[in-house]
Amino acid sequence: MQIKPEQLLELMREVEQEDPIDFADLPFRDDDLRQLVASQLCEMAASMESFSQQDREMTLLAVSAKLVLENMVLHIQLLRSHGLPVDDNVEALLERLRKGGNGPS
């Protein structure tokens, strides 16, 4: 079964109810950006139809991990550029990294 961009877009909106995205003053409509991302992800998923289930899951996890990492880095850069402290969760993660730990506490 292949998910359609409209279905993914609706799921994205549901997830955002709990953790809204701050689009700030970007010169784009929020829904246009969501639609673009939903379409691209559905295209990527469709291109993996020949992958095994395990390979699909691993690829999607890798893409998710990369996006979470990129988001965290951009968030930290933004806070630092404004001279703001990072929150306790990020600070704890950064401290663990400074100590050379890479696993869960």
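Trainee: Which helices each supply at least two residues of the lining of the largest pocket?

Mentor: This is a predicted model, and its secondary structure comes to 4 helices and 0 strands. Those that each supply at least two residues of the lining of the largest pocket are helix H1 (5-18), helix H2 (30-47) and H3.

Trainee: Which helix gives the most to that lining?

Mentor: The largest pocket has a volume of about 2000 Å³ and is lined by 41 residues. Nearest its centre lie Met12, Ile21, Val37, Leu41 and Leu67. With 14 residues, the helix that gives the most to the lining is H3.

Trainee: How are H3 and H4 oriented where they pack, roughly parallel or roughly perpendicular?

Mentor: Helix H3 (residues 53-81) packs on helix H4 (residues 88-98) with the axes 12 Å apart and at an angle of about 105°. Angles of 65 to 115 degrees count as roughly perpendicular. The orientation of H3 to H4 is therefore roughly perpendicular.

Trainee: Which residues of H4 meet H3?

Mentor: From H3, the contact involves Met72, Ile76 and Arg80. The contact of H3 with H4 comprises 5 nonpolar, no polar and 2 charged residues. On the H4 side, the residues are Val90, Leu93, Leu94 and Arg98.

Trainee: What radius of gyration does the protein have?

Mentor: The C-alpha atoms fill a box of roughly 45 × 35 × 20 Å along the principal axes. For a compact globule of 105 residues, the radius of gyration would be near 13 Å. The protein, however, has 17 Å.

Notes
Residues are numbered from 1 along each chain as its sequence is written. This is a predicted model: local features need pLDDT of at least 70, side-chain atom pairs count only at pLDDT 80 or more; totals for chains, interfaces and linings use all residues. Side-chain values use heavy atoms; hydrogens and water are left out. Axes are lines fitted to C-alpha atoms, for helices over the stretch in contact, and angles run from 0 to 180 degrees between N-to-C directions. Angles under 35 degrees count as roughly parallel, over 145 as roughly antiparallel, 65 to 115 as roughly perpendicular and the rest as oblique. Contact means heavy atoms within 4.5 Å. Ala, Val, Leu, Ile, Met, Phe, Trp, Tyr, Cys and Pro count as nonpolar, Asp, Glu, Lys and Arg as charged, and the others, Gly among them, as polar. On a 1 Å grid over the protein atoms alone, a cavity is a set of points where a 1.4 Å probe fits but cannot get out, and a pocket is an open set with protein on both sides within 12 Å along at least five of seven lines; lining residues have an atom within 4 Å of a point. Grid points are joined across faces, edges and corners, and a volume is the space filled by probe spheres set on the points. The radius of gyration is taken over C-alpha atoms; the globule rule is 2.2 Å times the number of residues to the power 0.38.
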